[in-house]
Amino acid sequence: MPLKVLLLSPPIFDFYYSFHRAEPLGLLYIKDALAEYDWLCVSIFDARYKGTSKVIPTPEIFNYLHHLYVQDTSWFSLFHGFKRFGYSYDTIVNFIKDNAFDVVCISSLFSAYHHDVEVLAARIKKETGAIVIVGGWAVWADTKIVENGKADFYVRGDGELILPVLLQEIYCSNGNISHLPKLIDHDSSSVNEFFMHKFPHRDTWYAYYGKRMANIICSKGCVYHCDFCSIHSRYHYCQRTIDSVQQELEYLYSHGVKIVNFEDDNFLFNRRFAKQLLSLMKYYHTKGMQFLCMNGVTASNLYAVIDDALEAGFLEFNLSLVSSHEEVVVHHHRPALQEIIKDIAWKSVGKVRVIVYIIAGLPGASVKTCIDDILFLASLPVIIGFSPLYMLPGVRLFESMGVPEDRRFCRGSALYSFGEGFTREDITALWKLCRFINRIKIADEINDELRVHYEFYKKACNERVWYYRNKNGVWHEGFSFYASLPEKFTICDINGATRYIG
Ligand code: SF4
């Protein structure tokens, strides 16, 4: 009898989640890598595939956010309500029982969500008797989780390389696993040939605004060393062959995929590869394909090939500024990209929408520098992406600030801890300012609705109290903050036209 293995992409529990990047690319790779073993029978259960969500009680640990995440129908609204994104644990456990899986491998991709993976692992162990293996970024970043972990095994490294060996041990020992260590580490010198030359086949397809979409990845790792990021410490930069990327694009095209999202961390880094890739993309764009890079593209990489990129069928460019202050980015070992981003923004007007992200709350930055960042992006034909700082275990910068023992606080929505001089309320006020500016950037005209919102924004600036509008349209006083917000500013809308606000 073959070993029945389930690869499980679990639901997410948070105030917010975007399903657009939920396709379990890592598990798809693993499934194809395991397909060559006839003693295995491998399936995927993607708990987020249907895109369903359900409001659930907010965990008590997040009670401190109640005054910030209120129900708000205004342009300033943020999150309201904690949700489960994906199928319930009951559905998952019943599926495992009904199909009598021997082994369940759960992907745990983010330390802040790992707590929920442990709850699921415990239920699967208790209610189904399956052997449970957990792997993914959360394990790689934080091996402390292994000690009290409920799963049988924690694998640290690429599943395509580790799982064939571990599953063979389980198969050959008839499930007698007591001789194996709980933490299975990866030999970091081995090259993932499977990733370099192959691509995953899909049985199900995600959609993006009604069009069939797929996520792909052409490279792993990053050559930069931003100190708030863990990517560079895990992988040396490596890249697939252009032939395998071409084969994957052809496969996706022949299966009706209209939108391809690149998930690389350092997309378009290799100039020669970038040129080849863009010419492939242009070819598939003439056949109706469009492209995204939702995980971001480094502005300098994009700038080097901007003319080709503008013709390649991108729906949008996602760029990361982090800060417009050179001393802030240099402090974090990151290139200063302000001027390049400005050029890309203006070259892209009317062709490709540009979203530029800043990180609010970094050590070395201040409320004032963050406001400067926001006003800089307000003056460009781009949408502002606002990322509150969140901590990652195992990253020196955050370890020195004190990573919370309860890793659930290590998510952006937790607004947990920031550099000196930032309060949670100030970060929230800056976030709302970005929402307001973005709304003005996409508004057709300066109308009464905008004027009403501006009056409440002005009130917030003067009183340092933010107002929210309930579902009956009545405005109420909300939280207080310290930040000195600009009452007047200039905005460039996404078409390049200037709007003076004040
Ligand atoms: S450029 Fe991006 S992926 Fe690379 S180290 Fe910096 S933050 Fe990480």
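Modeller: Happy to! Let's start with α1 and helix α5, the latter spanning residues 159-172: their axes come within 9 Å and cross at roughly 45 degrees. That angle makes α1 oblique to α5. The crossing in which α1 passes α5 is right-handed. Please keep in mind that this is a predicted model.

If you want to find the contact on screen, look on the α1 side for Gly-26, Tyr-29, Ile-30, Ala-33 and Leu-34. Their partners in α5 are Gly-159, Glu-160, Leu-163 and Pro-164. Sorted by class, this contact of α1 with α5 has six nonpolar residues, two polar ones and one charged one.

The protein is divided into domain 1, made of 3-51 + 86-185, and domain 2, which covers 199-442. The centres of the two domains, taken over C-alpha atoms, are 28 Å apart. Domain 1 puts 19 residues into the contact between them, and domain 2 puts in 22. On the side of domain 1 that touches domain 2, at least two residues each come from α1 (25-34), α3 (114-128) and α4 (137-141). By class, the domain 1 side has nine nonpolar, four polar and six charged residues.

Helix α8 (residues 242-254) and helix α9 (residues 271-286) have axes that come within 11 Å and cross at roughly 15 degrees. An angle under 35 degrees counts as roughly parallel, and α8 and α9 are therefore roughly parallel to each other. Here, too, the crossing is right-handed, with α8 passing α9. From α8, Ile-242, Val-245, Gln-246, Leu-249 and Tyr-253 meet Phe-273, Gln-276, Leu-277, Leu-280 and Tyr-284 of α9.

Finally, have a look at the ligand. Around the ligand you will find Cys-222, Tyr-224, His-225, Cys-226, Cys-229, Ile-231, His-232, Asp-265, Asn-266, Thr-298 and Arg-334. By class, this shell holds five nonpolar, four polar and two charged residues.

Methods: Residues are numbered from 1 along each chain as its sequence is written. This is a predicted model: local features need pLDDT of at least 70, side-chain atom pairs count only at pLDDT 80 or more; totals for chains, interfaces and linings use all residues. Domain bounds come from an automatic or database domain assignment. Two residues are in contact if their C-beta atoms, placed from the backbone, lie within 7 Å. Helices (H or I, at least four residues) and strands (E, at least two) are DSSP runs, numbered from the N terminus. Ala, Val, Leu, Ile, Met, Phe, Trp, Tyr, Cys and Pro count as nonpolar, Asp, Glu, Lys and Arg as charged, and the others, Gly among them, as polar. Axes are lines fitted to C-alpha atoms, for helices over the stretch in contact, and angles run from 0 to 180 degrees between N-to-C directions. Angles under 35 degrees count as roughly parallel, over 145 as roughly antiparallel, 65 to 115 as roughly perpendicular and the rest as oblique. A crossing is left-handed if the near helix is turned anticlockwise from the far one by less than a right angle, and right-handed if clockwise. A residue is near a molecule or strand if its C-beta atom, placed from the backbone, lies within 6 Å of it.
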